Amino acid sequence: MLNQHSLEEIGDIHNLLEDIKKEYEEGLKPILIKNSPERFKNPHTVPKLKKIQINRGLGLAAQNTNILKKNIEEFETITGQKPIITKSKKAIAGFKIRENMELGLSVTLRGEKMYAFLTKLLFFTFAQIRDFRGLSLRSFDKAGNYTFGLKEQLIFPEVNYDDVDQTQGVTINIILEQSSPKYQSKSMDKILNGMILFKFLRFPLNDCGYYDKYSSVSELNQFWDRKKHLKRKRWSQE
């Protein structure tokens with residue numbers, strides 16, 4: 001029999017599936033402000049999704065018109081938006097790359113398309129990955145944004161197996177908007193804000209428990225400072 005916690009969790013997931021933007025504005029944001037009044041004194045300091053960038057590098061294969069056209073159609077099917085073709089900024093003779101040469105595809109999603117893609121990613125796509133063990137916390141950058149890669153496009157429900165000639169992956173960059181005050185402008189604070197938001201949005205982060213033993217951000221900062229000091233000491237000895 002389901003307990004109260006399980007029923008609440010099912011209700012939260014149902015609300016996220018129905019309208020993830022509405023659930024963030026009416027459910028997640030007020031809870032974050034109520035539970036952490038010292039951290040989120042101003043409602044504008046609560047982290048929120050800004051945009052999602054999806055990239056794919058094709059290399060020299062992009063010079064083949066048929067391959068490029070098929071990849072553009074695939075991106076349109078997955079994201080619902082036509083991608084832009086990324087080009088090289090300078091020539092590199094060692095890689096046989098000329099200046100202004102077509103090399104890949106990129107899509108930037110905002111608004112409703114962004115939330116629709118995120119819902120599909122969280123509740124349908126990750127479930128299709130074989131031996132999926134969750135997303136690593138180490139993929140956060142200093143600005144609190146999150147980047148991860150998917151090895152194949154077959155995990156997306158819109159892609160037809162018969163239409164795929166070659167499995168190709170994509171890189172997904174989730175960019176957050178954080179109006180952090182000066183006392184929370186450190187990289188660790190931005191990463192922590194991203195972790196809090198992702199946890200509420202039911203992102204499958206696999207190593208959150210690693211940081212449970214630290215009661216505050218200051219303890220975590222001290223831990224990282226010690227690690228940096230040990231690294232410098234080892235390098236100096238070498």
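**Figure 1. Surroundings of N71 in the predicted model.** N71 touches R56, L58, L105 and Q168, leaving out residues up to four places away in sequence; a contact means heavy atoms within 4.5 Å. The residue belongs to helix 3 (residues 65-79), where helices (H or I, at least four residues) and strands (E, at least two) are DSSP runs numbered from the N terminus. With a relative accessible area of 5%, N71 is buried; buried means under 20% relative accessible area, exposed over 50%, and partly exposed in between, for a 1.4 Å probe and protein chains only. The model is a predicted one, in which local features need pLDDT of at least 70 and side-chain atom pairs count only at pLDDT 80 or more, while totals for chains, interfaces and linings use all residues. Residues are numbered from 1 along each chain as its sequence is written, and side-chain values use heavy atoms, with hydrogens and water left out.

**Figure 2. Overall arrangement of the protein.** The protein has 6 helices and 5 strands. Along the sequence these elements follow the pattern α-α-β-α-β-β-α-β-β-α-α. Of the 238 residues, 37% count as buried. Among contacts between residues at least 6 apart in sequence, 65% join residues at least 24 apart.

Figure 3. Helix 5 comprises residues 187-200, and its end C-alpha atoms are 20 Å apart. This agrees with the 20 Å that its 14 residues should span at 1.5 Å a residue, the expected span being 1.5 Å times one less than the number of residues. Buried positions in helix 5 are M188, D189, I191, N193, G194, M195, L197 and F198. In an α-helix there are 3.6 residues a turn, so residues three or four places apart point the same way. F198, in helix 5, is buried because its relative accessible area is 0%. Apart from its neighbours within four places in sequence, F198 is in contact with F140, Y146, I174, L176, F203 and L205. The C-alpha atoms of F198 and L49 are separated by 9.9 Å, although the two residues lie 149 residues apart along the chain.

Figure 4. R202 lies in the loop between helix 5 and helix 6 (217-237). Just after helix 5, this residue takes a positive phi of about 70°, and R202 is a residue other than glycine. Most residues other than glycine have a negative phi. R202 is partly exposed, as its relative accessible area is 29%.

Figure 5. Strand 5 (residues 170-177) pairs with strand 4 (residues 146-150) in the antiparallel sense over 5 bridges; two strands pair if DSSP finds at least two bridges between them. Within this pairing, T147 has N173 as its bridge partner in strand 5. Strand 4 has a covered face formed by Y146, F148 and L150, and an uncovered face formed by T147 and G149. Strand 1 and strand 5 also run antiparallel, joined by 7 bridges. N55 stands opposite T171 in strand 5. Strand 5 is mostly covered, with 6 of its 8 residues buried.

Figure 6. A cavity is a set of points, on a 1 Å grid over the protein atoms alone, where a 1.4 Å probe fits but cannot get out; lining residues have an atom within 4 Å of a point. Grid points are joined across faces, edges and corners, and a volume is the space filled by probe spheres set on the points. The count comes to 1 cavity of 30 Å³ or more, and the largest cavity has a volume of about 50 Å³. Its lining is made of I20, Y24, K48, L49, Y115 and L201. The lining divides into 5 nonpolar residues, no polar residues and 1 charged residue; Ala, Val, Leu, Ile, Met, Phe, Trp, Tyr, Cys and Pro count as nonpolar, Asp, Glu, Lys and Arg as charged, and the others, Gly among them, as polar.

**Figure 7. F124 and P157.** F124 is placed in helix 4 (residues 111-125). This residue counts as partly exposed, at 43% relative accessibility. From C-alpha to C-alpha, F124 and P157 are 7.7 Å apart in space, and 33 residues apart in sequence.

Notes
1 Å grid on protein atoms, 1.4 Å probe; cavity = no way out; pocket = protein on both sides within 12 Å on 5 of 7 lines; lining within 4 Å.
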